[in-house]
Amino acid sequence: MSRSAQRAGGRRRFALAILGALALLAPPALAQPAASPAATAASPAEPEGYRLEAYRAPVPATLSGARVLDATAAAELWRKGGVAFVDVLPRPPKPVGLPAGTVWRDQPHSTIPGAVWLPNVGFGALNAETEGYFRAGLSAVTRGDVNAPLVIFCQRDCWMSWNAAKRALAYGYTNVSWFPTGVDGWGEAGLQLEAVEPRP
């Protein structure tokens, strides 16, 4: 056997030995809890405050103080009834520079049947008017009961729902669930969506 072949064989044996050692250090696969779809996407850690920019990006797998739902769990709550579903997807802004007299119509938005759409409340910082709108909307859907169950959502990989659910917790709501895949996960599960208008 040539020296180059011996060296190659030695490198392969060394690599296999390293892989074997790493396998011994790893916990057994059966001991691992089933990872949620959000967790398997190398989710970022929860920030201390609200997300202030780049809202369409991977979200954390958790929200401290809230229950995190997948589509199955969200559908189960929806079928059970008595739970307020709140869609916080932002409303598309009117394009800048439209010619005078141009009629602007919002793009249609579909959501979970029966959900209330409170747009623009998931930004990291809210002005007083938007914050008042969010507080009033939450109070309306819960009939003023801070212990009433809430499910807050928008779309997959959207920090708007994470921010809004965190904000609801800060307002004193005690039964907040966050549905991170939102209308995307709902639709992919074969569940019905319906057109909705924003709450006035």
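The cut-off for a disulfide is 2.5 Å between the sulfur atoms. Keep in mind that this is a predicted model.

C154 is in no disulfide either, with the sulfur of C158 as its nearest cysteine sulfur, 3.1 Å away.

Are these two cysteines buried or exposed? C154 is buried, at a relative accessible area of 1%. C158 counts as buried too, with 3% relative accessibility.

Next, strand β2. That is residues 84–87. A84 and V86 point one way. F85 and D87 point the other way. All four are buried.

Which strands does β2 pair with? One is β5, residues 150–153. Four bridges join them, and the two run parallel. Within β5, I152 is the bridge partner of V86. Another is β4, residues 116–117. Here there are two bridges, and again the strands run parallel. D87 stands opposite W117 in β4.

Stay with D87. Its side chain makes a polar contact with the side chain of T111, at 2.7 Å. T111 sits in strand β3, residues 109–111.

How accessible is T111? Its relative accessible area is 0%, so T111 is buried. And what does T111 touch, leaving out residues up to four places away in sequence? D87, F153, V183, Q192, L193, E194 and V196. F153 belongs to the residue range of β5.

That is the tour.

Definitions and conventions: Residues are numbered from 1 along each chain as its sequence is written. This is a predicted model: local features need pLDDT of at least 70, side-chain atom pairs count only at pLDDT 80 or more; totals for chains, interfaces and linings use all residues. Side-chain values use heavy atoms; hydrogens and water are left out. Buried means under 20% relative accessible area, exposed over 50%, partly exposed in between (1.4 Å probe, protein chains only). Two strands pair if DSSP finds at least two bridges between them. A polar contact is a pair of N or O atoms within 3.5 Å; within protein, one must be able to donate a hydrogen and the other to accept it, and residues adjacent in sequence count only if both atoms are side-chain atoms. Contact means heavy atoms within 4.5 Å.
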